[in-house]
Amino acid sequence: MTIHIGAKPGEIAETVLMPGDPYRAKWAAETFLDDAVCVNEVRGMLGFTGTWKGNRVTIQGSGMGMPSLSIYANELITEYNAQTLIRIGSCGGMQDHVGVRDVILASTTTTLSTPSRGIFKELNYAPTADFDLLHKAFHAAERLDVKTHVGGIYSSDVFYDERPDLTEQMMRHGILGVEMEAAELYILAARHKRRALAVLTVSDHLVTHEALPADQRERSFGDMVEIALSAAFA
Ligand code: HPA
């Protein structure tokens, strides 16, 4: 047990998928895993361990934003020895050619700040995905025939953003989408020599203002979970 995760030693797999929403962790575990067991309920941040095609995997909610994700990722890495951490989440589309329902594999992420800012200070560190995972996720997406984009995303600290000028600059510089967690996950993975990737479904769009209807969310999110699992165990 750690401060925020109630799982006993050995109850967390080496491969962990991390959705922001704990109820999405429950849905993904029930939908994709065999013999899924709930291993964490602390603060309602549900986590489940089961198997996918015989491979042990944990799906643990991260909460929203980098400070929350940092707590769970730190404890998963340092206390439970997680080796592969894949964020599965939603993002807002930022380019015309990136449609709602498409998947984004974040090769790198731009931020204003992360919980690791205190380490880097004036340095602009470039948080980067694990290439092997990225490569395998891309091929899995092709195999599943899911429209997928690979490139930079924006990990923002705020959902209700008072700086439209920053969003505009991100779009101008080719950033594909905005979410709130991936940068710190990549930084923690690099620090502890683990593998990390963010597989994101575009759930809404900052240019077209289109949003994924509730009844279509499940199917799209399912593609993302399958891509993440395929990448982890390819
Ligand atoms: N902003 C930040 N995070 C998000 C968004 C957004 O528009 N959509 C989904 N996650």
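Okay, a quick definition before anything else: "buried" means under 20% relative accessible area, exposed means over 50%, and partly exposed is in between, using a 1.4 Å probe and protein chains only. Helices here are DSSP runs of H or I with at least four residues, strands are E runs of at least two, and both are numbered from the N terminus.

What we're looking at is a predicted model, where local features need pLDDT of at least 70, side-chain atom pairs count only at pLDDT 80 or more, and totals for chains, interfaces and linings use all residues. Residues are numbered from 1 along each chain as its sequence is written, and side-chain values use heavy atoms, with hydrogens and water left out.

So, helix α6, residues 182–191. How many of its 10 residues are buried? It's 8, so the helix is mostly covered. The buried ones are Ala182, Ala183, Glu184, Leu185, Tyr186, Ile187, Leu188 and Ala189. Just after α6, lysine 193 takes a positive phi of about 55°.

Now the strands. Strand β3, residues 47–52, has 5 of its 6 residues buried, so the rest of the structure largely encloses it. On one side, β3 pairs with β2, residues 34–40, in the antiparallel sense over 4 bridges; strands count as paired if DSSP finds at least two bridges between them. Valine 37 stands opposite threonine 49 there. The two strands make a hairpin with 6 residues between them, and arginine 43 in that turn has a positive phi of about 55°.

β3 also runs antiparallel to β4, residues 55–60, joined by 6 bridges. Here phenylalanine 48 faces isoleucine 59. This hairpin has 2 residues between its strands, with lysine 53 in the turn at a positive phi of about 50°.

Next stop, methionine 170, in helix α5, residues 164–172. Methionine 170 is buried, at 15% relative accessible area. Which residues does it touch, leaving aside neighbours within four places in sequence? Met94, Gln95, Thr110, Tyr154 and Ile175, where contact means heavy atoms within 4.5 Å.

Last, the rings. A search of the whole structure turns up 4 aromatic pairs; rings of Phe, Tyr and Trp (its six-membered ring) pair if their centres lie within 6.5 Å, with planes under 30 degrees apart counted as stacked, over 60 as edge-to-face and the rest as tilted. Phenylalanine 120 and tyrosine 125 have ring centres 4.6 Å apart and planes at 5°, so that pair is stacked. Phenylalanine 120 is buried at 18%, whereas tyrosine 125 is partly exposed at 36%.
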